Every structure is written in structure tokens, then in C-alpha cells.
Amino acid sequence: VRCWSNIPFITVPLSRAHGKSFAHRSELKHAKRIVVKLGSAVVTRGDECGLALGRLASIVEQVSMLQNQGREMMIVTSGAVAFGKQRLRHEILLSQSVRQALHSGQSQLKDMAIPVLEARACAAAGQSGLMALYEAMFTQYSICAAQILVTNLDFHDEQKRRNLNGTLHELLRMNIVPIINTNDAVVPPPEPNSDLQGVNVISVKDNDSLAARLAVEMKTDLLIVLSDVEGLFDSPPGSDDAKLIDIFYPGDQQSVTFGTKSRVGMGGMEAKVKAALWALQGGTSVVIANGTHPKISGHVITDIVEGKKVGTFFSEVKPAGPTVEQQAEMARAGGRTLAALQPEQRAEIIYRLADLLTDQREEILLANKKDLEEAENKGRLALPLLKRLSLSTSKLNSLAIGLRQIAASSQDSVGRVIRRTRIAKDLDLEQVTVPIGVLLVIFESRPDCLPQVSALAIASGNGLLLKGGKEAAHSNQILHHLTQEALSIHGVRDAVQLVNTREEVEDLCRLDKLIDLIIPRGSSQLVRNIQKAAKGIPVMGHSEGICHVYVDTDASVEKVTRITRDSKCEYPAACNALETLLIHRDLLRTPLFDQIIDMLRVEQVKIHAGPKFASYLTFSPSEVKSLRTEYGDLECCIEVVDSVQEAVEHIHKYGSSHTDVIITENEKTAEFFLQHVDSACVFWNASTRFSDGYRFGLGAEVGISTSRIHARGPVGIEGLLTTKWLLRGNNHVVSDFSEHGTMKYLHESLPLPQRNAN
């Protein structure tokens, strides 16, 4: 029994067994019964007179979509007063204009004053029109809506409460969307702060408390409260230090400063939080979000139900570790400390990590074995992905060698002067290398990526957030532990963070104030999804690895078979593996062509014929569905071209600007190919598989970039650095360089300091 507006009565239906709210956002997709509360600021226009029809239509569309998925949707709406105010103002203006036109003439129309309209009268005038609007909008989606008006007294009377409960259940059973509002035409003025005595006391004095009350009464899974702010902030929104709170826990309200209430309506954020906490205690999950922002209002409700990071989620379960936002801040602080270390200290950390990879080999392989066994038992990974997931002694040894290369080559990476200019006497300018900031690296099924990327981030002084696939959870955990152990020797343990929370990749891509660069390592689908989801954060990577090998008329037989075999068969799942073999037309039906086909058959490579190649054959292999296919397996496409120029055009049309190769003994033809193919890596008489940071001598790579800016090809330490400008002067001001000033610009190039020979 709880106390409601000083009248004690049972707070939930007699048959209700208290349920548990969802602990994580990812569980919201399982919500069956949902209440959507539309605040006055969401429903009304900016002038507070009339409805925001576009927003309302979008909300109805989202609610209809969820209703048609089999969910049970209810709406608690404001807007009757605003709609009524619009109608009454129109009537008053019309009435006044007629009277004044008859008695005073048109000249006084401009002096007409609109009287202050009483809210209850506005509600009475607007309620029917508001409901008619909802009905018309829901009819477009073949959904019926029903209106229910309530007051606080309806909850005080046990029989009325039972009737209300029964009515709502019957409407939901018939697939009807109930639209609920307080009956503002008869409701008495609310008692100030009558429901702010604590979480165990609540009264229906506004639509926030009404929505919370109904959510608990109806055993609702989720309550979505839409207002004109993004959610709950740790200080009033708009203040310099205000940060959106992603997850709010009971008890946290003591550390929150509430701002003013919304521009319209009865409740403010304090009332929303109080109502949300009460609903949460009753077993209903709650999200408070912005329903007015033009960029997100069209999908805010569906995004919340899909578990995306929108607004503030109320949860009773606190995570064991820090939030991802806290991890990003820790990585930034740790990265800045890391960048301030001496180069020898950063190298020492990487050497230590390399030693740990070999010293702790048994523990690493044991953890990896658990991942492999779980993946095989669940059968969720294809064979190429299982190969990427697998670690071995030789892989760990290669990793350690690569890390030592990084340590040796990173001595003067950060703070290196790349340009010096004397602007004027005693005014010298330097451009120096600095870390990018905080990197987010997302990788699938490849735990060996973790120490590689960590070493490159350490060498370049960047903070690092790592998000690995759950299929490699055990391997990633121990490798991250070893990384932090190595970082601890110089007190920068927090510089590299492993995200273990249930954060969706799309949510991580929205942290534009915390992350400076995203680097995806995984399937082309993963990369495309990240490029699409990233808002305001640059993404460095490639969406596909469609690599070509062109066999010219002057190609060596031995080189063709060796290079083609290595490019396709050495590791077919790699992004730098051959996918399309281009053959000069004059080589068809020659011994060289036969040897290529025989070699591919021996290696059990499935051949797909390009359209031109198929036209030359009586019985051809299966014709390729698309010339832009990345097979990632023992499959490839063969296509015919008439010249090196046509090969270049084919690569530009169907390639992914990753790695492309020519095999020829003709130097002039090779140089034409090298100069004209616009890819990140272009090779002559060498396997596509050389497109790799380790093989390039970079020690390792964070990925291969096919973008046109910053870094292209295998990205090592240099690709993780940017620059800043340092200007050293002596009381210099720009006015001294004006037409009548005393100083002149010199702009003299100065010699660079000698780089570390080691």
C-alpha cells in the first residue's frame, strides 16, 4: 500500500506480480507493451498555439510500425490545450473583426487584443479536434485508436481503477491503440510539489505522472517519455559542462541539478525523473528522449525499441565496470600522458608487450582454445573466420617480432619536426607530429589484431578504445590484460581500453565528442555499416578488398603461376587476396592459359567466368553474378581484356582501390600500369599478399585504407599521427607587418633537426 495524494490505496492491480525492468538497452527490443508519453513541447508548435503536425505524423507512423509488429502500444498525449487555444483564438479574432468592422471600421482591426484564454476552456475546445487528428493519422495505417480521458480522482476510486484497467486491456486485446490524456477541462489545479515527497509518493498532476501510473497499472514493459531535451543531463542543459547521462540509476538524483521546466506543459525534468523512477520501481523500463529534434524525431521511438543509445535509459542494474563514455575519457587522459613520455619509454612498453606474448604463450593459447571450442559448438562462424580466430605459437612469435619492429622504428614518431620556417626576425614556426587523440578500433574474429593495434597506438601516443567480437572474448580479455600490464611499467595503464559492455557498434560511432578516428577491421559489411553509422567521426578503412591480377601478353609463365597461386591460395580470406584475374585476349588457348587453369583446379579454386570470358567458351564455368565480388574463399573470377588500357579501365570500374597487380616482362607496359591504376597499392610482378604492414616493414598495421585523404594502403605509425604548429616569437603583433609597419615577412625555410639514426 502506498500513499497517493494523501489517500492510501493499493498502487497496482490486485493480480499484478511485480516484474523486473530490463537491465540493458539491448533487451528493449523484447518489449511487448509500450507506453509513449508525448510532452506538450513535442506535440505543440514553437508558438504554443496549434499542433506540430509533421512531428505528430512521424510519431504516429512509428507507433503504427511497432503496433503492426505485434506490440501493444499506448499513447499518453498532451496537446488539447494548445489545439483548443488555436481554435478559440481563431473564433475570437473572427468575432472581434466582425463586430469592429460593423462599429468602428477597418482601421481599428490592428488594435485588437486577444484576451488571456483559460486553460480548461482551451482543453474542452481542443480535445475533440486532437482526437480526430489522431484517428485520421492512424487510419492511414489501418489502425484504430480510442480516446480515454482521466483525472486524479479516477485513480482514487477502486472501482474506477478496475474499470479503467479493464477498458485498456480490452482495447489492447482488439489491437486498438488507446490514446490517454488528463481531462484538463475539469481537472482541478495541481497542488504544488504534492508528488515530490519521495519515490514512494506520486499523484497524477501532469502527463508524466499519468504515464508512469498507467505504465505500472498495465504492467508495461517500456515507458518512452518524449520531451524537448535529449534526456537527463548532469547539469542544466546548455551549460558548458553539461553531459548527457546515458544510464540513470536510482539514487543518482542526488548528484543531478535540475533546470527549468519545459516551455509548455505542467512538468519539468524533475517531475519526469521522479515519475520515471516510480515506474522503474514498479517494473517498467523507462527512456527519456528528445521528440522534437528534426534529425532524430522521425525514428526516435523505433531507435529506442531497437536498443540504440538514444536519450537517458533508467536501469536498476549498475554495470560492474566503467561506462564506454568513461572508458573513452580514461583513454584520452591516458593517451595524453602516454604522448608526454620519452620515446624510449614508449618503446620500452612495446618491448615488454612483445615479451609477454611469448612468455604467456600457454595462457593465451588456452584462452583462444576456449573461443574456438565455443565457436565450433555453436557453429556460427564460417571456416575463413575460424582461421582468423585461431592463434598459434608461430602467430604469437610473428606478433612479437612485429611489435619489436614497431618499438625500434617509433623512436622519433611523436614530436618530430617536419617543417621549419622563419616568419620574421625572432619569429620561428615549426610543424610537428602529434597523436590524433582517441582511436576506436572495431575488429572481428582476429584477436591478433589487439596487440598489433595497441602497439601502434602506444608508439604514436594515442588513446585507444578496442571493441572486439564476442567470438574472441576470452582471447581478447587476456591480450588486453597483458597490454595493460605492459603499460603499467610507466603508469599509463588506462591508455588502452577494451569495451566489454553491451554497446552496439552504431552507438559507439555516435561518440563524436570522445572519439577522433574509427578504424574498422573486419568484413566488408562491418566496414560499410560503420561508415554509414559514423556521425561526425572520420572512418579510416576499406569496405571491400576486390584485388586484381592482370596477366599481360609479355608475362613469364613461371611468374604467372607462382604469383597467381600465392595471391589467391596462400590465405583466401584475407582482404588482399586475389578476387579477379584479368587475362589478355591473346593468351586464350595458349599453353600459359592452360597452365593457369590447371593450377587453379589443382588448388581447388572455383572459377567464375566474366561476361567477355564466357563469350569465348563453348562450355564455360558459372558466369559471375557481379564483377564487384569479394569471395574471401577459394573462388575467383576470370575476365578477358584486350589491352593494358582496358585492364586499367576495368580495375577502376569494378575494383575497390585496394591492391592491383600486373605480371609482365615489358617494363614500359608495367610502368604504364603502375602510374595509371589509382589504387592504394599497385605492384609489378609481385603477389597481392604483400599489401600488409608487417611485410612493408611497418611492424604491423591498424588496417588498410583505400580513402583518398590522410593515409592510404597499410596504415602504420605514420598514419596515426597528425600535426600541430608551434610559433615562437618575441612580442610580435600582426600590426607590425602592415603597410606602414616596421617589420617584413621573411618566410625562410630552415633546416630540420637530425632524425635519430637508430
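User: What makes β11 and β26 a pair in this predicted model?

Analyst: Pairing takes at least two bridges between the strands. β11 and β26 (residues 748-749) have two, in the antiparallel sense, so they count as paired. Arg422 stands opposite Glu748 in β26.

User: And how do you know that β11 pairs with β12?

Analyst: Six bridges join β11 (residues 417-424) to β12 (residues 427-435), again antiparallel, and the cut-off is at least two. Val417, for example, has Val432 in β12 as its bridge partner. In this hairpin two residues sit between the strands, and Asp426 takes a positive phi near 65°.

User: Why is the Phe593 and Phe613 pair called edge-to-face?

Analyst: Ring centres have to lie within 6.5 Å, and planes over 60 degrees apart count as edge-to-face. For Phe593 and Phe613 the centres are 5.9 Å apart and the planes are at 70°, so edge-to-face it is. The pair links distant parts of the chain: Phe593 is in helix α20 (residues 591-602) and Phe613 in helix α21 (residues 611-615), 20 residues apart. Both Phe593 and Phe613 are buried. The structure holds five aromatic pairs.

User: What makes β5 and β8 edge strands?

Analyst: Look at the order of the open eight-stranded sheet: β5-β6-β4-β3-β7-β9-β10-β8, with mixed pairing. β5 (145-150) and β8 (247-248) each have a single partner strand, so one side of each is left without a neighbour in the sheet. For β8, two bridges run to β10 (residues 312-314), in parallel, with Ile247 partnered by Phe313.

User: Which strands does helix α4 touch where it packs on the sheet?

Analyst: Helix α4 (residues 119-139) touches β3 (33-38), β4 (72-77), β5 and β6 (177-182), and its direction makes about 155° with that of β5. Helix α6 (residues 158-173) also packs on the sheet, touching β3, β4, β5 and β6, at about 165° to β5.

User: What makes the link between the side chains of Lys37 and Asp208 a polar contact?

Analyst: The cut-off is a pair of N or O atoms within 3.5 Å, one able to donate a hydrogen and the other to accept it. The two side chains make their contact at 2.8 Å, so the distance meets that limit.

Terms used
Residues numbered from 1 in each chain as written. Predicted model: local features only at pLDDT ≥ 70, side-chain atom pairs only at ≥ 80, totals over all residues. Heavy atoms only, no water. Helix = DSSP H or I, 4+ residues; strand = E, 2+ residues; numbered from the N terminus. Phe/Tyr/Trp six-rings, centres within 6.5 Å; stacked < 30°, edge-to-face > 60°. Buried < 20%, exposed > 50% of the residue type's maximum accessible area, 1.4 Å probe, protein only. Contact = heavy atoms within 4.5 Å. Axes fitted to C-alpha atoms, helices over the stretch in contact; angles between N-to-C directions.
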